[in-house]
Amino acid sequence: VTASEARTGAEQRRSEAAGRREVAAAGPRREVEELERDTTSLDAEARARELEERRRQLQIELEEVSQTLAAKRQDHQALGQRREEAMAEHRRKAEAVERE
């Protein structure tokens, strides 16, 4: 086998290997191209991100409203306590007046 024949044989084997790689990669490459063209999945991902952000915003609002409600509940309880104390004081005074 001469050097020229060896070079030609090696080039032919490389060419055949490149062809096999091209054939093997064609299917996956086509699938990737189809996915890139398919905007439905991209639109769905964008919508999912938007919905997740909206969920976070609503969660923050809910927490704020819950804190406001808790503060109002405490205010209401304090007012009820003051009312009870005022009624008790009024009863004591009324009883004192009745005893006199």
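Mentor: Let's begin with Arg 47, which makes a salt bridge with Glu 50; their closest N and O atoms are 3.8 Å apart. Keep in mind that this is a predicted model.

Trainee: Where do Arg 47 and Glu 50 sit relative to each other in the helix?
Mentor: Both belong to helix α2 (residues 39-99), and because they are 3 residues apart, about one helical turn separates them.

Trainee: What does Glu 53 pair with?
Mentor: Glu 53 forms a salt bridge with Arg 56, with 2.5 Å between the closest N and O atoms. These two are also 3 residues apart in helix α2, so about one helical turn lies between them. Glu 53 is partly exposed at 35%, and Arg 56 is partly exposed at 39%.

Trainee: How about Arg 83, what's its partner?
Mentor: Arg 83 bridges to Glu 84, the closest N and O atoms being 3.7 Å apart. Arg 83 counts as exposed because its relative accessibility is 52%, while Glu 84 is partly exposed at 41%.

Trainee: Which residues are joined into a network by shared partners?
Mentor: Glu 52, Glu 53, Arg 55 and Arg 56.

Trainee: How many salt bridges are there in the whole structure?
Mentor: The search finds 7.

Trainee: Switching topic: which residues make up the negative patch on the surface?
Mentor: Glu 31, Glu 33, Glu 34 and Glu 36 gather there. Glu 33 lies in helix α1 (residues 3-37) and is partly exposed, with 36% relative accessibility.

Key: Residues are numbered from 1 along each chain as its sequence is written. This is a predicted model: local features need pLDDT of at least 70, side-chain atom pairs count only at pLDDT 80 or more; totals for chains, interfaces and linings use all residues. Side-chain values use heavy atoms; hydrogens and water are left out. Patches are made of residues with over 30% relative accessible area and no salt bridge: like charges are joined within 9 Å, nonpolar side chains (Val, Leu, Ile, Met, Phe, Trp, Tyr) within 5 Å. Accessible areas come from the Shrake-Rupley method with a 1.4 Å probe; for residues, only the protein chains shown count as cover. A salt bridge is a side-chain nitrogen of Lys or Arg within 4 Å of a carboxyl oxygen of Asp or Glu. Lys and Arg count as positive and Asp and Glu as negative; His and the chain ends are not counted. The place of a charge is taken as NZ of Lys, CZ of Arg, CG of Asp or CD of Glu. Helices (H or I, at least four residues) and strands (E, at least two) are DSSP runs, numbered from the N terminus. Buried means under 20% relative accessible area, exposed over 50%, partly exposed in between (1.4 Å probe, protein chains only).
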